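Work through the exercises below with the model open beside you, and try each task before reading its solution.

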Amino acid sequence: MTNSYAVHPVALSAGQKFHAIQSCLYSNQIRHLGNDQLGEERCAFVRVEKSGIPGIYSKEQLSAVRFLPKEWARYFQDKNISESQLVSLIGDELKALRQRKSALIAHPDEALRWVHGDADGLPGIVVDDYGPLVVIQSGSAAGDFLLPLVVSALSAITTKALFERSSGQIRAIEKLPERTRWIRASSSEAALEQVQTLLAGIKLNFRPQRCQKTGLFLDQRENLHLLKNFLSKGMAKSMLDLCSYAGAWSCAAAQCGVGEFTAVDQDKDALSLCEMNIGINSTAENRAPKIELLHGDLFELLSKLNREKKSYDVVVADPPAFTKSAKHVPEARRAYQRLAKMSSRLVASGGLLVACSCSRHIGEEEFYEIVSGALDHDDWIYLGRGRQSPDHTVLATDKHSLYLKALYFARRSALSQFHLTHTSKGENS
């Protein structure tokens with residue numbers, strides 16, 4: 001890393017205005033910097049003229065200027081800012097974020113999202129704390145530009161093992177190479193081949209070098225608690241977990257006495273984790289849980305289960321995002337509708353259906369419309385909706401930062417079976 005970074009003023013294009021509620025400045029709103037002003041990642045630190053707001057400029061991205069914390073503005077008034085000053089600012093921000101995020105999580109030992117990208121003032125950067133291991137992810141050129149400074153700050157304020165997992169569809173869209181590496185292992189890399197952490201009171205194992213996202217989907221914390229509220233009377237016996245990954249949903253049900261599971265996923269390694277995690281969390285008395293693992297295409301396996309007229313007391317459909325951009329929303333709507341229709345037909349009389357979406361470009365009410373429209377309206381009751389865990393920061397001025405949806409439905413005959421006392425806590429209307 002260099003000893004200092006240049007700070008360039010960025011001006012708005014003619015006729016453009018900057019609004020305080022904006023979460024970034026788009027490419028067509030600004031006068032672009034010259035190539036000679038950019039670093040290797042084609043990025044630079046900037047301040048927005050007149051407002052003085054600090055940010056990171058990225059030549060190749062539609063979101064051309066992504067903002068840093070406004071409180072940093074006074075440090076970005078000179079032509080240069082030192083590396084040590086930036087590391088200090090990031091370190092202080094990380095400490096403040098950690099304190100605030102910890103206050104939002106009921107159990108002090110639970111995994112949490114330490115940094116949630118732009119919403120937490122560190123563009124393109126995600127940091128998840130799993131207890132023995134902290135996983136860092138960069139999802140953009142701006143994130144790659146900021147990453148060395150974040151790593152330096154983290155290394156100074158925590159002694160935990162640090163692992164980078166910058167991979168996945170977002171980096172592919174940005175045309176960035178995947179990068180998976182140990183930054184700092186606590187003792188040996190082999191000792192951290194498999195990590196166990198706590199989420200929503202559930203013990204979950206994952207493998208850092210062979211996982212999805214950073215390891216687990218921590219944003220489902222509140223929704224796992226809500227599922228356990230609905231199943232607290234222990235009357236459900238069987239469950240279908242679609243796109244199960246490491247089995248968090250199944251584990252929540254296992255803690256409520258469910259003893260028979262069918263897990264569906266395209267990843268064989270994930271299915272083995274799912275089986276292990278269900279066993280760890282099972283409370284079924286006098287017998288091991290019965291687990292069927294189905295590896296393959298989601299819709300092909302759903303068709304097979306429907307042909308076989310299978311039925312389950314609980315069906316959870318939690319697929320990856322069906323769209324990463326607005327132009328593919330019509331296709332995504334059809335996929336969600338098809339999934340809801342096929343999965344709902346597998347819910348037993350007196351059963352529960354949970355439908356999830358993490359597609360940012362499909363809003364809450366639109367997703368409700370899609371799912372409810374796929375159900376037999378004479379036989380279903382809407383119980384409520386969940387939300388993303390509060391450590392996944394939601395900006396009041398950016399509707400896309402509220403991305404996770406979880407809808408709970410029960411067949412009309414099921415109402416006496418579910419414990420509804422806490423339903424209102426899951427509402428996020």
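**Exercise 1.** Which residues do ring pairs link into a cluster?

Solution. The conventions come first: this is a predicted model, in which local features need pLDDT of at least 70 and side-chain atom pairs count only at pLDDT 80 or more, while totals for chains, interfaces and linings use all residues. Residues are numbered from 1 along each chain as its sequence is written, and side-chain values use heavy atoms, with hydrogens and water left out.

Rings of Phe, Tyr and Trp (its six-membered ring) pair if their centres lie within 6.5 Å; planes under 30 degrees apart count as stacked, over 60 as edge-to-face and the rest as tilted. By this criterion the cluster consists of Tyr-5, Phe-45, Phe-76 and Phe-145.

**Exercise 2.** Describe the geometry of the pair Tyr-5 and Phe-145, and state which parts of the chain the pair ties together.

Solution. The structure holds 14 aromatic pairs. Tyr-5 and Phe-145 make up one of them, with 5.9 Å from centre to centre and 85 degrees between the planes, an edge-to-face arrangement. Helices (H or I, at least four residues) and strands (E, at least two) are DSSP runs, numbered from the N terminus. Because Tyr-5 belongs to strand S1 (residues 4-10) and Phe-145 to helix H2 (residues 141-157), the pair ties together parts that are 140 residues apart in sequence.

Tyr-5 is buried at a relative accessible area of 13%, and Phe-145 is buried at 8%.

**Exercise 3.** Why is strand S8 described as largely enclosed by the rest of the structure, and how is S8 paired with S7 and S9?

Solution. Start with burial: 5 of the 5 residues of S8 (residues 125-129) are buried, so the strand is largely enclosed by the rest of the structure. In a regular strand the side chains alternate between the two faces of the sheet. In S8, Ile-125, Val-127 and Asp-129 are on one side and Val-126 and Asp-128 on the other, and all are buried, which leaves both faces covered.

Next comes the pairing, where two strands pair if DSSP finds at least two bridges between them. Strand S7 (residues 112-116) runs antiparallel to S8 and is joined to S8 by 4 bridges, with His-116 standing opposite Val-126. S8 also pairs with strand S9 (residues 133-138), in the antiparallel sense over 5 bridges, and here Val-127 has Ile-136 as its bridge partner. Finally, S8 and S9 form a hairpin with 3 residues between them, and Gly-131 in the turn has a positive phi of about 100 degrees.

**Exercise 4.** Is Arg-42 buried or partly exposed, and is Tyr-245 buried or exposed?

Solution. Arg-42, in the loop between strand S2 (24-26) and strand S3 (43-48), has a positive phi of about 60 degrees although it is not a glycine. Its relative accessible area of 29% makes Arg-42 partly exposed. Tyr-245, in the loop between strand S14 (238-242) and helix H5 (248-254), likewise is not a glycine and has a positive phi of about 50 degrees. Tyr-245, with a relative accessible area of 5%, is buried.

Note on methods:
Buried < 20%, exposed > 50% of the residue type's maximum accessible area, 1.4 Å probe, protein only.
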